[in-house]
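I opened this notebook to record what I looked up in one structure. The entries follow in the order in which I made them.

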Amino acid sequence: MDELIHKAIGESIADLAAATGDEMYVVEAVIRAGGRKIELTVDTDKGVSIGQCAKLSRAIRARLEVCQDNIMLAEGDFDLMVSSPGIGEPVKVQRQYLRHLGRLIRVNYLDGEAQPKEITGRLLEAAVGAGEEEAPSITIEAVKEGRKKRSAGEAPVTLRLADVVKAVVQTGL
């Protein structure tokens, strides 16, 4: 069952990308209650609109409802929710860092001695592409806390994504 659902999701995303030119990717796919509840979070490098979520939802539903291998799916006896990542949600897929370049981000990470640390700053770089020769990393310019988020005057910090415990994009500029 899960395999059928994942296949329908992948094919629908590929079709939508071919039609619109927007390369969408799955951030999270949760399938519960034996396939009766499907929750899908998707993104693009530019962000996802409500219209794109609706198109994808219709495409996935249409694919699943013609599935003769599973009567529940064929009869439309399932809930499908397609959404984009919300503000304040943690980054779950490395590629999401590219969309948030220039934004404030709070990162919990482990330093060289495996001690927990936190930095809040502007995301300057994200080396997360498939062609990267080094380990995936992000570079952050620390900012001072307060109403006006200004540079803390420190050198930018580069963190290996393997050391990042949690990263959350912050509201504000």
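I noted first that axes are lines fitted to C-alpha atoms, for helices over the stretch in contact, and that angles run from 0 to 180 degrees between N-to-C directions. Helices (H or I, at least four residues) and strands (E, at least two) are DSSP runs, numbered from the N terminus.

The model is predicted: local features need pLDDT of at least 70, side-chain atom pairs count only at pLDDT 80 or more, and totals for chains, interfaces and linings use all residues. Residues are numbered from 1 along each chain as its sequence is written, and side-chain values use heavy atoms, without hydrogens and water.

Entry on the helix pair. I looked up helix α1 (residues 2–20) and helix α2 (residues 50–65), and found that their axes come within 9 Å and cross at roughly 130 degrees. The two helices are therefore oblique to each other (under 35 degrees counts as roughly parallel, over 145 as roughly antiparallel, 65 to 115 as roughly perpendicular, and the rest as oblique).

Entry on the contact. With contact taken as heavy atoms within 4.5 Å, I listed the residues of α1 that meet α2, among them Leu4, Ile5 and Leu16. On the α2 side, the residues include Leu56, Ile60 and Arg63.

Entry on backbone angles. Most residues other than glycine have a negative phi. Ala33, not a glycine, has a positive phi of about 50 degrees, and lies in the loop between β1 (25–32) and β2 (37–43). Ala114, also not a glycine, has a positive phi of about 65 degrees; I found Ala114 in the loop between β4 (104–110) and β5 (116–127).
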